[in-house]
Amino acid sequence: MHSKALAPEYQGALTKMSVNASLTDVLAEGKSHLRAAELSGSQQEVARAGLAVAEAHRRLGHVQDADRAWKASYRAARSAGDTGAMAWALWSGGTLARQRGALRLAFRLLGLAADLGKKGGDVVARGYSLAGLAETGRIQGDYRTVAALHEQLLAEARARGEARHTVWALEGIAQIHRNTGSFDTALAMFEEAAQLAGNADDRRGRAWALRGMADIISVRDNAPERALALLAEAELTCREMNLSSALAYNHKMRANVLYRAGRYKESRQVYEEALGEFRAMTEPRGEALARLGLVKSLARLGRDRAETAADLDGLRVTLDRIGLLNARDMVDKAYAELGVSPAGDTVAGEDGHR
């Protein structure tokens, strides 16, 4: 039996904050409690309130503020000798590093966080940090390495009845199945995640699950209107909770659905919107994926082939630098799909199909 979803990253005086609280509200409360903790001289409370501030800034796309906040939280936790709070601060920093496309740094910080969580006896901090490592590997495209860790974390979350973590693990495994072509299995897991998130009142988790469902319904069933309806439902949650990153990825998926349906003018407009959102929050992975979709849409609308090839070449370099193996494969497929060749190739690629 699963409990209602909780937000363990809201700690100290903020433990009563709902997982569904608007991030602007979380930020305001976090700052208020942080000031009070600083005045009281309690470094432990400074660390705990600072964690909520860091996470609110990160999810709102305030990269520099988030970076300063998690580091300040870590310093306060270290000063207080609170190993668990140190683990949580490093988890926040590692998650931010992944969001910024610094995958090596993300692996290092999340690994340290997992070690400190174990050392400090904070099972949840350790679980979240291991989940962060698994998600970083999955985003990178290293499915073979992280699939077993996803399954392990799912089993542990189910055993403890942690709804939010169970939803996360289901969505991660579903995404691996989706990216490796097992659409039926992926859809079933996204649907389970959506139902569980709904029952546990985890609106953020449900919004991500609906996005995953929309993706597969668009690809497998060629049912764009059904997919767009799911995305519209998820978008309401993203806006109500001020989930900037989730909203940008929602828009990118909406553009994907429109592109697959052959509605290239509409997809171009939505890719441009998503691209602006990702750039505003300095999220290079999302920016690169939105750029790829935009290049493909423009090519379908008659853009010069040489310009298309040049843009794909640039994306190849960007994705190699970030280390996104799966996304790099997507660029390679785009050359064939659009009938262009990488720079230096002398024979044009053949037209592919979606």
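## First stop: the α12 and α13 pair

Helices α12 and α13 run roughly antiparallel to each other, because angles over 145 degrees count that way. This is a predicted model, by the way. To see the pair, select residues 264-280 for α13 along with α12; the two pack at an angle of about 160°, and their axes are 8 Å apart. Look at how they cross: the crossing is left-handed.

Now show side chains. On the α12 side, the contact is made by Leu247, Ala248, Tyr249, His251, Lys252, Arg254, Ala255, Asn256, Leu258 and Tyr259. Facing them from α13 are Tyr264, Glu266, Ser267, Val270, Tyr271, Glu273, Ala274, Glu277 and Phe278. Color by residue class and you get 11 nonpolar, three polar and five charged residues in this contact.

From α11, pick out Pro224, Ala227, Leu228, Leu231, Ala232, Ala234, Glu235, Cys238 and Arg239. Their partners on α12 are Ala246, Leu247, Asn250, His251, Met253, Arg254, Val257 and Leu258. By class, the contact of α11 with α12 holds 12 nonpolar, two polar and three charged residues.

## Then: α2 against α4

Jump to residues 43-60 (α2) and 83-99 (α4), which pack at an angle of about 10° with axes 10 Å apart. That angle makes α2 roughly parallel to α4. The contact residues of α2 include Ala47, Leu51 and Arg58, while those of α4 include Trp88, Trp91 and Leu96. In total, the contact divides into eight nonpolar, three polar and four charged residues.

## Last stop: a pocket

Which residues line the second largest pocket? Select Lys31, Leu34, Glu38, Val46, Gly50, Val53, His57, Asp65, Arg68, Ala69, Ala72 and Ser73. The volume of this pocket is about 170 Å³.

Color by helix and you'll find that α1 (23-40), α2 and α3 (63-80) are the elements giving two or more residues to the lining. The biggest contributor is α3, with five residues.

Conventions
Residues are numbered from 1 along each chain as its sequence is written. This is a predicted model: local features need pLDDT of at least 70, side-chain atom pairs count only at pLDDT 80 or more; totals for chains, interfaces and linings use all residues. Side-chain values use heavy atoms; hydrogens and water are left out. Axes are lines fitted to C-alpha atoms, for helices over the stretch in contact, and angles run from 0 to 180 degrees between N-to-C directions. Helices (H or I, at least four residues) and strands (E, at least two) are DSSP runs, numbered from the N terminus. Angles under 35 degrees count as roughly parallel, over 145 as roughly antiparallel, 65 to 115 as roughly perpendicular and the rest as oblique. Contact means heavy atoms within 4.5 Å. Ala, Val, Leu, Ile, Met, Phe, Trp, Tyr, Cys and Pro count as nonpolar, Asp, Glu, Lys and Arg as charged, and the others, Gly among them, as polar. On a 1 Å grid over the protein atoms alone, a cavity is a set of points where a 1.4 Å probe fits but cannot get out, and a pocket is an open set with protein on both sides within 12 Å along at least five of seven lines; lining residues have an atom within 4 Å of a point. Grid points are joined across faces, edges and corners, and a volume is the space filled by probe spheres set on the points. A crossing is left-handed if the near helix is turned anticlockwise from the far one by less than a right angle, and right-handed if clockwise.
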